[in-house]
Amino acid sequence: MSATPAVPRAVTVPEFRAAKSRGEKLAVVTAYDYTSARIADSAGVDCLLVGDSLGMVVQGHDTSIPVTLGQIAYHTKCVVRGTRRALIVSDLPFLSYQVSPSQAVRNAGRLIKKAGAHAVKLEGGQRMADAIRAVVNAGIPVMGHVGLTPQSVHLLGGFKVQRDLPQLIADAKAVEDAGAFSLVVESVPADAAAQITQAVGIPTIGIGAGPHCDGQVLVFHDMLGLFTDFKPKFVKRYADLAAHIRTALETYCREVREGKFPGAEHSFR
Ligand code: KIV
């Protein structure tokens with residue numbers, strides 16, 4: 001969706017959904033705090049995803065599984081304060097919606113009512129259709145997530161590319177039929193993502209899913225080169241911020257030790 005910097009208009013769920021029929025590609029990025037949300041929002045990103053990937057890039061876990069609903073709510077509140085235009089979607093973390101549809105409604109409601117998210121995202125296709133339907137029936141927009149679903153990493157045997165096309169398409173259709181307004185497609189071959197995108201009327205948002213999706217999502221820390229433990233093949237680094245930050249901090253340490261900082265211009269008379 002093209003940004004209108006002069007008069008920024010908030011991105012709504014219906015507009016986000018309609019971008020597909022207008023042939024407009026959607027730019028989504030994760031955000032976890034006020035400062036990065038402000039930057040991404042003012043850059044014209046259409047949707048900020050408070051993803052449970054924060055478990056890895058903020059908290060340092062190996063997976064997103066330990067992330068709690070309270071943590072997502074906390075980070076959502078920070079992002080909400082920094083956002084004027086973008087749609088804010090918050091992840092329902094592991095075991096906050098899988099137990100029953102009523103659990104999904106209660107916890108989705110908490111992210112909307114108390115934290116200020118506009119929509120929630122949850123992982124799973126056919127097996128999560130009842131939960132998606134219940135949340136949507138409660139008036140809460142849902143973004144689905146199929147393909148590699150990181151909360152099921154142990155069931156899937158690792159962070160692997162998902163190649164079962166009939167199952168992927170059945171999952172995508174089940175998510176759409178249950179009422180989701182869009183769908184993250186993670187780690188699937190590009191031609192499979194193209195077929196999924198053709199099979200559904202809601203926008204597909206790809207990550208590791210090639211160029212044929214209706215939009216793309218990347219993790220903030222990955223795309224800006226802040227998270228350097230490893231780089232998945234699908235990540236493009238648009239900046240090398242870790243190196244910039246390290247250089248700045250080394251300069252700061254040196255200037256403090258040499259008595260060069262603070263100078264007169266940073267001191268009160
Ligand atoms: O948690 C997350 O950030 C996500 C995106 C990578 C799609 O689910």
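Which residues surround the ligand? In this predicted model, local features require a pLDDT of at least 70 and side-chain atom pairs a pLDDT of 80 or more, whereas totals for chains, interfaces and linings use all residues. Residues are numbered from 1 along each chain as its sequence is written, and side-chain values use heavy atoms, with hydrogens and water left out.

The ligand is surrounded by Thr 30, Leu 49, Gly 51, Asp 52, Ser 53, Asp 91, Lys 121, His 145, Val 184, Ile 207, Val 217 and Val 219 (a residue counts if one of its heavy atoms lies within 4 Å of the molecule). This shell comprises five nonpolar, four polar and three charged residues (Ala, Val, Leu, Ile, Met, Phe, Trp, Tyr, Cys and Pro count as nonpolar, Asp, Glu, Lys and Arg as charged, and the others, Gly among them, as polar).

Ligand oxygen atoms lie 2.5 Å from a side-chain N or O atom of Ser 53, 2.9 Å from one of Lys 121 and 3.1 Å from one of Asp 91; a polar contact is a pair of N or O atoms within 3.5 Å. Taken alone, the ligand exposes 260 Å², of which the protein buries 95% (Shrake-Rupley method, 1.4 Å probe).

The count of disulfides, defined as pairs of cysteine sulfur atoms within 2.5 Å, is zero. Cys 213 is in no disulfide, the nearest cysteine sulfur, that of Cys 47, being 15 Å away. Cys 213 is buried at 1% relative accessibility, while Cys 253 is partly exposed at 28% (buried, under 20% relative accessible area; exposed, over 50%; partly exposed, in between; 1.4 Å probe, protein chains only).

Technical notes: A polar contact is a pair of N or O atoms within 3.5 Å; within protein, one must be able to donate a hydrogen and the other to accept it, and residues adjacent in sequence count only if both atoms are side-chain atoms.
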